Amino acid sequence: MLFSPKAKGFFVDYNENGVFVARTSAPKPPFVVEEMREVAKDNVAGLAEVLKQLQPKRSRSGYVHATVGMHSEKRFVRRATVDLKRVKEVGYLDEVLQTQFRIEPEKFTAAALRPNDGGEYDAPNATTKDVVLCGIPSDEIVAFQDSLLAQGIYPDRLEMTSVSCLGALADYISFTRSRVPTLVLELGFDSTHSFILSPSGIEASRPFPMGLSSMIPVVQKELGLKDEDSAKRLFFSNTFDFTGMGAQLIQRLIRELQSSIGFYEVQTGLTIGQMVCIQFPPKLAWIADVVANELGIKMLQPDMVTWLSAREVTLSDSVHAYAADPRWLGVLSLMVNYDANASQTKA
């Protein structure tokens with residue numbers, strides 16, 4: 001009698017910097033991460049080839065069944081304080097989105113999470129006034145699901161990569177028993193999202209309407225280039241050392257971050273001791289060091305291999321090096337079952 005091969009697991013993370021694909025020895029931990037591949041986000045043919053290599057024989061449906069991480073420029077992840085006397089009212093959380101954050105809830109698919117562990121916030125039985133509200137435009141989700149099917153991917157589970165990354169980092173902080181509040185930055189092209197994590201979970205969140213694009217006019221001015229297109233090409237080409245003018249490039253961002261950090265430190269009496277940047281273009285990794293230097297805090301270099309191993313995720317020798325690259329945090333964060341391992345911490 002012939003036995004069918006053991007089912008593999010597939011994890012795919014789509015973000016501003018590319019598509020990150022991983023194949024594992026099983027759909028759920030414990031498993032071994034066997035292969036990891038990266039494809040440019042607009043390279044449809046390249047992604048099809050990668051999927052063909054990772055799963056030559058498709059299921060009867062013809063799709064690669066995968067856990068998928070989604071990125072949206074219009075996403076929101078906001079920590080809020082609610083009125084426990086009203087939180088049981090139907091529509092109250094929608095009201096919070098509208099009044100506190102100017103978000104139109106009817107246009108979004110949203111969720112309410114507990115800030116300490118990421119579990120679902122049970123509004124009818126809530127005992128805490130702190131909540132994390134997150135969401136993505138509903139029309140984007142529909143369009144994204146359609147595009148996944150067109151690319152031969154069937155999403156068994158769809159997650160917001162920003163949330164899964166925060167969950168991974170919060171779990172890592174708990175695992176290492178760190179007591180140091182950590183600044184997490186998602187520096188995108190048009191916007192930046194900042195978060196403060198502690199052993200208690202997400203302590204603060206704030207978006208800034210500025211990102212990498214806001215640095216391009218500064219590059220043009222400082223280098224005397226004729227137009228912003230020339231400055232943009234040079235900035236993203238990795239052929240020029242911008243570290244010397246790094247402080248000027250991020251001046252606006254630093255002011256906003258200092259204000260946000262200062263408010264948190266005054267309110268809590270705690271000091272931000274480290275930072276990490278996620279979903280970051282590899283050619284611009286130097287910016288993270290400049291930000292840390294300007295803020296006077298150190299960069300966090302997570303020991304992902306040890307953490308993943310404790311979460312029953314083992315990296316094969318061929319992919320071991322990817323754990324040191326923060327760009328892969330998104331796809332790796334999709335793999336971990338945090339509820340099952342919440343009590344495991346570093347010895």
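Reader: In what order do the six strands of the open sheet stand, and what is the sense of their pairing?

Author: Please keep in mind that this is a predicted model. In general, strands of a sheet pair through backbone hydrogen bonds, either parallel or antiparallel. Here the six strands follow the order 8-4-1-2-3-14, and the pairing is mixed. Strand 8 and strand 14 (313-315) have a single partner strand each and stand at the edges, so one side of each is left without a neighbour in the sheet. On average, neighbouring strands of this sheet are turned by 30 degrees against each other, direction ignored.

Reader: In which sense do strand 2 and strand 3 pair, and over how many bridges?

Author: Strand 2 and strand 3 pair in the antiparallel sense, over six bridges.

Reader: Which residues of helix 1 are buried?

Author: A residue is called buried when its relative accessible area is under 20%. In helix 1 (residues 44-54), the buried residues are Gly-46, Leu-47, Val-50, Leu-51 and Leu-54. Viewed down the axis of helix 1, these residues fall within an arc of 135 degrees, so they line one face of the helix. The face turned away from that buried side carries the exposed residues Val-44, Ala-45 and Lys-52. Among the elements that cover the buried residues of helix 1 are strand 1 (9-15), strand 2 (18-24), strand 3 (31-39), strand 4 (64-70) and strand 8 (153-160).

Reader: Is Val-33 buried or exposed, and which residues does Val-33 touch?

Author: Val-33, whose place is in strand 3, is buried, with a relative accessible area of 0%. Not counting residues up to four places away in sequence, Val-33 touches Ala-22, Arg-23, Thr-24, Val-313, Thr-314, Leu-315, Ser-316, Val-319 and Met-335. Val-33 and Phe-10 are 23 residues apart in sequence, and 9.5 Å apart in space from C-alpha to C-alpha.

Reader: Where does Arg-78 lie, and is Arg-78 buried or exposed?

Author: Arg-78 lies in strand 5 (residues 76-81). Its relative accessible area is 17%, so Arg-78 is buried. Leaving aside neighbours within four places in sequence, Arg-78 is in contact with Phe-101, Val-131, Val-132, Leu-133, Ser-205, Arg-206 and Pro-207.

Reader: How many cavities of 30 Å³ or more are found in the whole structure?

Author: A search of the whole structure finds two such cavities. The largest cavity holds about 60 Å³ of space. Its lining consists of Glu-16, His-71, Arg-75, Glu-186, Leu-187, Gly-188, Ser-191, His-193 and Gln-279.

Reader: What volume has the second largest pocket, and which residues are the closest to its centre?

Author: The second largest pocket has a volume of about 400 Å³. It is lined by 21 residues, of which Cys-277, Gln-301, Ala-324, Asp-325 and Pro-326 are the closest to its centre. Strand 12 (274-278), helix 9 (286-295) and helix 11 (329-333) each supply at least two residues of the lining of this pocket.

Notes: Residues are numbered from 1 along each chain as its sequence is written. This is a predicted model: local features need pLDDT of at least 70, side-chain atom pairs count only at pLDDT 80 or more; totals for chains, interfaces and linings use all residues. Side-chain values use heavy atoms; hydrogens and water are left out. Buried means under 20% relative accessible area, exposed over 50%, partly exposed in between (1.4 Å probe, protein chains only). Helices (H or I, at least four residues) and strands (E, at least two) are DSSP runs, numbered from the N terminus. The arc is that of the directions from the helix axis to the C-beta atoms. Contact means heavy atoms within 4.5 Å. Two strands pair if DSSP finds at least two bridges between them. Axes are lines fitted to C-alpha atoms, for helices over the stretch in contact, and angles run from 0 to 180 degrees between N-to-C directions. On a 1 Å grid over the protein atoms alone, a cavity is a set of points where a 1.4 Å probe fits but cannot get out, and a pocket is an open set with protein on both sides within 12 Å along at least five of seven lines; lining residues have an atom within 4 Å of a point. Grid points are joined across faces, edges and corners, and a volume is the space filled by probe spheres set on the points.
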